[in-house]
Amino acid sequence: MTVPAKTKHRFKLGDRVRFRLGAHIVAGTVVEDLGKIGAAGEQLVRVEVPLDATYHREFEISTAFLTPAPRRRAAA
Amino acid sequence: MPSLSLKYWNETAAIALDRMESAHRAVGGTGRGRRYATQQINQSYLVLLSSHFQQFCRSLHSEAAAHLVSAIDPLLRPIVQDSLTVGRKLDQGNPNPSNLGADFGRLGMSFWDDVTSSRKRNVARKNNLAKMGHWRNAIAHQDFTSVTHVRGSVAAPRSRFRKFVPFAPIAVTWPETSTPSSSRTSKPSRDRMQRGNL
């Protein structure tokens, strides 16, 4: 079992991120910074993930599990 | 290790509430007598108090959930943490006794049994918290019918505001972790309040 490497990256509102959710890697946007209130002072954020075209879910997650994701291209 | 949410409540939230007290004194003075001009400040104060307390409760719940899942398999952590926090009543509703009991109950606590058994006075405090919820709704919806049936007045009882939520300083501590963070300052974001049900 691989423990995620501790990240020093400080995520902020609007950042695009990726994380593993079960068997899948999902991508979403940071919509809230909860502060460093996680275990051992980890930063917790709320990430909005579009699971399909109409259904968005929000996940409260430690930034230790997040990696930056590329920004979406703006529609032409 | 003390709760960082509690630290924020005791410091930042207390300052905001003290400022509201100062505004009340500036408008109404400290002498005897009824001052109708301060009623709007009183009402704003109660709603502000309720929203700050809601923020504290949500933050404390998130902190507790994060500590619970910190000991489990890292691959399962996001899934379990999500299941503990998704659909939380405190994300949508007031911080009333029912919602607090339901949300902290999901973490395996008999919340009100624990709180009321820790201090006798917490029984009365729980009742005061319920009253604050009624007043908050009456003010937010400008419908004083239900509270005036109980209180007989449309003036929120300012002198008792702080008594609504004094049980917060009960011991909220987490077991020490391998990398203590007591020197770290935490600042749960202000946009949590905006996301509340104000």
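**Notes on two chains**

Author: Just after α6(B), B:Gln142 takes a positive phi of about 50°. Helices (H or I, at least four residues) and strands (E, at least two) are DSSP runs, numbered from the N terminus.

Reader: Before that, how was the model made, and how is everything numbered?
Author: This is a predicted model, where local features need pLDDT of at least 70, side-chain atom pairs count only at pLDDT 80 or more, and totals for chains, interfaces and linings use all residues. Residues are numbered from 1 along each chain as its sequence is written, and chains are lettered from A and ligands numbered from 1 in the order in which they are written.

Reader: Back to α6(B). Which residues in it are buried?
Author: B:Arg125, B:Leu129, B:Met132, B:Trp135, B:Arg136, B:Ala138 and B:Ile139 are. A residue is buried if 20 or more other C-beta atoms lie within 10 Å of its own, exposed if 12 or fewer, and partly exposed in between, with C-beta atoms placed from the backbone.

Reader: What span should its 20 residues have?
Author: At 1.5 Å a residue, α6(B) should span 28 Å, and its end C-alpha atoms are 28 Å apart, which agrees. The expected span is 1.5 Å times one less than the number of residues.

Reader: At what angle do α5(B) and α6(B) pack?
Author: About 130°, for helix α5 (residues 111-118) and helix α6 (residues 122-141) of chain B, with axes 7 Å apart. That makes α5(B) oblique to α6(B). Axes are lines fitted to C-alpha atoms, for helices over the stretch in contact, and angles run from 0 to 180 degrees between N-to-C directions. Angles under 35 degrees count as roughly parallel, over 145 as roughly antiparallel, 65 to 115 as roughly perpendicular and the rest as oblique.

Reader: And which residues meet there?
Author: From α5(B), B:Trp112, B:Val115, B:Thr116 and B:Ser118 meet B:Asn122, B:Val123 and B:Lys126 of α6(B). Contact means that the C-beta atoms of two residues, placed from the backbone, lie within 7 Å.

Reader: How do α1(B) and α2(B) cross?
Author: At roughly 175°, and the axes of α1 (residues 4-28) and α2 (residues 39-69) of chain B come within 10 Å. The two helices are therefore roughly antiparallel to each other.

Reader: New topic: how many helices and strands in chain A?
Author: Chain A has zero helices and five strands. Buried residues make up 34% of its 76 residues.

Reader: What order do the strands take in the sheet?
Author: The sheet is open, with the order β4-β3-β2-β1-β5 (chain A) and antiparallel pairing. β4 (56-62) and β5 (67-68) of chain A stand at the edges, each with a single partner strand, so one side of each has no neighbour in the sheet. Strands pair if DSSP finds at least two bridges between them.

Reader: How many bridges join β2 to β3 in chain A?
Author: Five, between β2 (residues 24-35) and β3 (residues 44-50). One detail there is that A:Asp33 has A:Val45 in β3(A) as its bridge partner. Helix α3 (residues 77-85) of chain B packs on the sheet, touching β1 (16-21) and β4 of chain A, and its direction makes about 115° with that of β4(A).

Reader: Is A:Phe59 buried or exposed?
Author: A:Phe59, in strand β4 of chain A, counts as buried because it has 20 C-beta neighbours inside 10 Å.

Reader: What is it in contact with?
Author: Leaving aside neighbours within four places in sequence, A:Phe59 is in contact with A:Val47, A:Val49, B:Pro78 and B:Asp82.
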